[in-house]
Every structure is written in structure tokens, then in C-alpha cells.
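Here's a quick briefing on the model below. Have the structure open and follow along by topic.

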Amino acid sequence: MIWVEILSRHHHDVQARHRCPGPVVRIGRGYDNDVVIDDPYVAPRHLVVRRSENGELVAEDLGSANGTLVEPGAERRERVALDGTRVLRIGRTRLRIRDALQAVAPERVLRPAQRTWPATLALIAAVVLLQLLADWLGETTEPRLSRYAKPLLVLPLIVVAWTSAWAVLSRIFAGQAQLGRHLLIAMCGLLAIEAYDAVPEYAAFALSWGPLAGARVAGLWLIIGAVCVFHLRAISPARLRLKAGLVAALAGIPIALQALAQSDLGAGYSGERYVQLLKPPAFRFSALQDESAFFAGTARLKDRLDRARTEDSPADSDDD
Amino acid sequence: MRNVLLGLVALCAGAACAQSDPAPGRSPLSSAAQGVYTAARPRLVQIRTVVTAAGRQSTLGSGFVVSGDGLALTNYHVVSKYALEPATYRLEYTSPDGTSGKVALLAIDVANDLAVVRLDRRGGPSFQFDARALHGDLPKGERLYSMGNPLDLGFAIVEGTYNGLVERSYNERMHFSGALNPGMSGGPTVTADGHVVGVNVARRFGAELVSFLVPGRFAAALLERAARAEPLSPKTVRAEIGRQLASWQAGLYKAVGAAGFRDAALGPYRALESSAPWFRCWASTNADRVPRPRAIVEATSCNTETQLFVADDLGTGHIGVTHAYVKSLDLNAFQFATFLSQQYAPSLSGWNRKWQTRQRCHDDFVETAGPAPGPPLRAVWCARAYRDFDDLYDVSVTVVTQDRGDAALVSKLSMQGVAYGEAAALARRFVEATRIAP
């Protein structure tokens, strides 16, 4: 008995499976075949599968124009020995041919499905609390409920849109939406963003080192990139390194654009926001500088300003 | 005419203004004005800055002839466009009788907003300076006549009174109670016998008949300099402006140092305040705000009002000191820090790319030296250089005390058009003076 399996293009999932009892199986578009394939790029009589002298299955091309190709690599062959894992391509159709002796994986033990919603709920609560905390710590005027309510309205909308988009992609490419899993990943990402958001500014203040605050946006994009990689892994773990590389390259674009915009505006521009920044004195980590050291630092600025007199002429920098 | 002193107007709202002098000059015009004008008419000119390519006027001012060989005085700001961009503009004059001709720029005095020009005509009468004005003993209340071409409506004479020198002003200016209008800049103000006491220069917006003259002695001095020195060439004007600004600021900072300093008390903190009389100080508080503020801000700000006109889009020479004592009422340390961030602005404001480089800042946590160490400070120094003027910078130094989480002193010293060394010296005093009251 020979099984002819027609596979999907991307993941080689079985789309149709034909049971052929005879020792020889003819495959082609014509109705005189054992397996009829509705693919205009397949010859009416394309392929024949039979057993060789030593008993293994062999496929032979019957002189089709497009030939029989062996995946991966699409190597055109007249005669292919089949081992049950080899995938053939005729026209645009992928085939795998197995006999009844094909070994299969042992039965998996059924475990109850993992419930993700308690973790998701906990994450949502953490995100909401962090957001409320950030709003509360930044509040300097009359407390207004609306100020707290706004992010609580906007954040769910973003999460719903984001999760839905990934669920749709997941449905298309993996066949199942995995809404719960994507929601979990999105909430983890959001929690990471909430937790990270204030860190660069506090660190910059603590160490009195401006570039840290400037790196905030780059960090945010890296978190978003990492979240995307987890989403992609949920869809399919195949070729994860390639996907991660692509995402990193994509995340690199906004980071590079930001750096470019900053260098266009001239160094020190991002610093204007940074020097404005104050945190509670208890967060100061760097040691107090001697007054003379501070003024030595300001004196060093003079050379840079004098160079800027001629270097960044008014004609080639951007107005803000 | 340009209001170079607009800054004070904004500050001077409410009570302080209500006490200012009522409008003088209600008495009917005397026939003296007719005689003064008739005598002065051939000596007056309108000075026009013309866009060379279009051949049309761009700005207007007035001037007056001071010598038989065609020397005339006007304001620097009347000829500034030409002085800075001689390739784009040229100068022309028009006399009351309609004749016109070319004008050459000979000398400028940026600090006193004066310029000496040469008209392409010879002969004719010229103005003489009033001897009392040159010696500074013109009596208050003296009747003065100001002339020029206001708003290009035709030459006019305005009657007013001399009210002494402007008090507590670093740049010496005469207070003239009379109606100066745009276009009269650079025109003469004369006594009843036709002698020049000053040059029309500015008026205060938002006030009635408060006008200012450059004292005649500066004009006479510049005239003397112009007669001796090489005439300015278009190529050297910017360097000359830079040189004058540099020497003017050196004088200003020397005077500030000489006037001494005193402590300003702000809550438990002490901060630097200049004793120089030309710092005008104002206080403000947010205690009466609605809704009730969650942190009290008690601020003082002192300004020198010494801004000089350099170009339409560049004034420089101002020194400002602000101190704000901020105390939390019911804000926690984080909220208070956010509040402080909104409260203070260490960056320099009003950047004009054409004139200045982008600012660069240096920040750190600083401990002041001395017998009793001051509170830990967060200090930020921001500076930018003037592209055309060597060793002139805009600098601001901001310090925030870091000894407590619920109260702080935020102090800022801003200096425009200052040499780097002068700025550092004053900034150092400023930082050192920030202390906690013993």
C-alpha cells in the first residue's frame, strides 16, 4: 500500500492524502492516473511510483516539461528514491509519498490545556497599577480623575488592536489565532515598557549623564522588537534566528532615524530635554563634584562652541 | 523708532505703572516751536535704507547735519541693516526740500545706538551741541523740541520736556516727555535756541509720552572719533560691532563687580543678588493662584535692562538673575521633583540660528567649597557662541539645591553677549553664594 500526500506550500502540512493499494502509482493531471492533480503545470502523465528491486519506493518522471524536482533546493531529477521524508515538487504541487511501513512518532500524553488567563489578568493589573503610579508621581496640580482614566482607555485599545493583528497573522500562517497567547505576549511587552519607561531618565539623573536619557527611545524600540520576535515564535518557531534578525533590522530603522535627526539638529539638542529633568535628590548616585571641577568642565565647552562658530554654519543645520 | 526697552513693559504691570508720571505737555504749543523748526529745517534729513536690488525703501529714520562738509548723526539702528548687509542694502537721504542723495557710513557706537554718516553734499548750515547738555547740567523741566520724520508723514517738530537722566539705568539715556514716533529715530532734540541736547532713540510702549534720547555728549564724542579715525569699510563693520560689544560688556561686568553683592533671603536659603542700582528687581508668588497650588513658589527676578540693539533680530547685553524658593505643600518627593522640572528652565531661550551657535550644556552635581560647605547642588551651565563676534557668548547657569526632597531653591543667572571669562567669574560667585542660612 502506498500513500500519496499533497502538502501545503509553506509548512508542508498535509492537505490531501490518497491511499493507493496497487504496487504502482501513476500521478498526473489526466483521469487515467491513480492520483489526479488539478495543477495546470502538471503533465497529464507526470510521475510514476513503483518499488525497486530492493523494495524501496522510487519515483520516475514520465518526460514532463516541468519535470520532477526534489525539495529543498528544487533539484530536477528523472528518478528519485523515496525515503518517506523527501518532498517532491511537480508543477506547483508538493508531494510526499510513503508506504505503510512509515514510522510515526509515539503517542503524546494528553495534558490539560494551559490556562493563560490568570497570568494575563495579573499582567493587566500590573500594567494598570504601574501606569496609575506613573501618572500619580507626575501629578503636580489638582488631582483629576480624567487624567488617570485616559491612559486606561487608550492602553486597552492599543492592546486589542495589536493582539488582533497578530492573531490574524497567526490564523493565516499557522492556521490558528492563538488569541490568548498573543494577548499574553502583548501584556508582557506592555509591562516591560511600563517598567522600563522611566528608568533611563532616573539613571541619567542619578549618574548625571545625559546620553542615557537620550537612549530611552532606542530601548523602547528594542522592547517592541523583542515582543515581535515572541509573537513570531508563537506563530511558528521555524527559522527564528532569521526572523529575529529581520525584526532587529526593522527596529534599527527608527533608532537610526532618531539618531540621524539628532545629529542633524546638532549634538546637545537632546540634552535640552535632559537638563530640564529633575528627580528626587535621593536618586543622586554620582558623587558631588568639586566646584572647580564643574567650572573646568564648563571651560572645556568653550572650545567646542568656538569650533561650532564656523562648523555648523546657519545654512546647513535645521531650524527647530 | 524701535522699542528696545520692551522688556520692562511686561514686568511693569499694575501698581508700579499707575504711579508713573502723568502725561506732560498739556499746555498749548508755544510759537517758539515754529522758530526752532524754521531754523532747523535745512539741517534735517530723512535717512532711508534701500534694498539695492529693488530700489525701494526698507526702513526709515531721521538724521541731522552737524558739519559744513556733510557729516550727519543718526542712530545705529537706523543704518544697522546696511551696516550688517552692505551687499543687500544701501543708504539714501532726503532733505525737507525734496533733494536726495547718497549716504556713506563713517562710524558707529553700538552701545549708545549712534552712527555718523557722510551726505554727498557740502555747505549749508549745521547743528551745534548745547554746552549744558555736554556737561550734563541741563535742568529738569527744560523745554525741548524733537524733530524728525515720523512714519514718513513729513518732517515734524514735537515739543516736550527734559526729565533728567533715566534713573538706575546702566546705559545713560535722557528721559524726554514728548511724543517720539517710529521714523524720528536719529533726529535731533534741541533746546529753544536750537542747540542739540540729544538724539531721539526710543520710546516706551504701553506708556504715554515716555521717550528716550541718547545724551549729546556721546554723539559729540563719536563725531570727534569719526573725524580722526579711518571711515568704516563694509568689510570691517561686523568686527567693529564685535569689538564694541566686547569692550562694552567688559565695562558692564566690571561695574557689576565693583558695585558688590548681597545675600537675598529665600526661605532657609541665601542666594546672590547684585547691589548695582541698575538691577531692577521684582517679586512674584503663586500663593494666590486658583486652584490652590500644591507647592509654594516665591520668586524674585532682577534684570539689568541693558539690552543693546545689534540687528532687527538680535539684541544682547542683558543680565538676569532669578531665584525661586519652592516648597511642597502636599506633593511627595517624586511629584515635587516633577514640579521643579516644570519650574526651572536651564536652557537658553530665544535661539536665533543666524547669530548664535546651538547651545551646549554641562551639568553635574556640585558641592561648593568654602569654610561652611553649601548644600549639594544640581548645576547646569548652558552656553552658545555668537558666530560673528569673537569671544561673545550667551550663558546661563542654573542651580537647584539638592538637600531636601520637599523644598528647593532654583536659581538662574543668564548673561547675554558676555565674554567666557567674565561669565565664568560671575557664575562662580553665583554658585558659591547659594547657601543655607546658618
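**Hairpins around one strand of chain B**

β11(B) and β12(B) make a hairpin with six residues between them, and B:G206 in the turn has a positive phi of about 70 degrees. Strands and helices here are DSSP runs numbered from the N terminus, with strands (E) of at least two residues and helices (H or I) of at least four. Two strands count as paired if DSSP finds at least two bridges between them.

This is a predicted model, so to speak with the cut-offs attached: local features need pLDDT of at least 70, side-chain atom pairs count only at pLDDT 80 or more, and totals for chains, interfaces and linings use all residues. Residues are numbered from 1 along each chain as its sequence is written, while chains are lettered from A and ligands numbered from 1 in the order in which they are written.

- β11(B) (residues 196–203) and β12(B) (residues 210–215) run antiparallel and are joined by five bridges. Across that pairing, B:V199 stands opposite B:V214 in β12(B).
- B:V190 has B:V196 in β11(B) as its bridge partner.
- The hairpin of β10(B) and β11(B) has five residues between the strands, and B:G194 takes a positive phi near 85 degrees there.
- Eight of the eight residues of β11(B) are buried, so the strand is largely enclosed by the rest of the structure. Buried means 20 or more other C-beta atoms within 10 Å of a residue's own, exposed means 12 or fewer, and partly exposed is in between, with C-beta atoms placed from the backbone.

- Most residues other than glycine have a negative phi, and most peptide bonds are trans.
- B:E305 isn't a glycine, yet has a positive phi of about 50 degrees. You'll find B:E305 in the loop between β16 and β17 (308–311) of chain B, and with 21 C-beta neighbours inside 10 Å it counts as buried.
- B:D391 also has a positive phi of about 50 degrees without being a glycine. B:D391 is in the loop between β21 and β22 of chain B, and with 17 C-beta neighbours inside 10 Å it counts as partly exposed.
- B:V290 and B:P291 are joined by a cis peptide bond, with omega about 0 degrees. B:P291 lies in the loop between β15 (280–285) and β16 (295–303) of chain B.

**A helix of chain A and what covers it**

- α9(A) (residues 291–311) has 21 residues and reaches 31 Å from its first C-alpha to its last, close to the 30 Å expected at 1.5 Å a residue. That expected span is 1.5 Å times one less than the number of residues.
- Its buried residues are A:E291, A:F294, A:F295, A:T298, A:L301, A:L305 and A:A308. Seen down the axis of α9(A), they fall within an arc of 100 degrees, so they line one face of the helix. The arc is that of the directions from the helix axis to the C-beta atoms.
- The face of α9(A) turned away from the buried side carries exposed residues, including A:S292, A:R300, A:D303 and A:R307.
- Covering the buried residues of α9(A) are, among others, β12 (289–290) of chain A and β20 (360–367), β21, β22 (393–401) and α9 (420–432) of chain B.

**Where the chains meet**

- 42 residues of chain A are in contact with 50 residues of chain B. Contact means C-beta atoms, placed from the backbone, within 7 Å.
- The largest share of the side of chain A that touches chain B, 13 residues, comes from α9(A).
- β12(A) and β20(B) pair in the parallel sense over two bridges, and A:D290 stands opposite B:E367 in β20(B).

**Nonpolar cores**

- The largest nonpolar core has 128 residues, of which B:V79, B:A115, B:V117 and B:L340 touch the most other members. Such a core is a set of buried Ala, Val, Leu, Ile, Met, Phe, Trp, Tyr and Cys residues joined through C-beta atoms within 7 Å.
- β21(B) (residues 377–385) gives the most to this core, with seven residues.
- A second, separate core of 18 residues includes A:I27, A:V35, A:L47 and A:L95.

Technical notes. Two residues are in contact if their C-beta atoms, placed from the backbone, lie within 7 Å.
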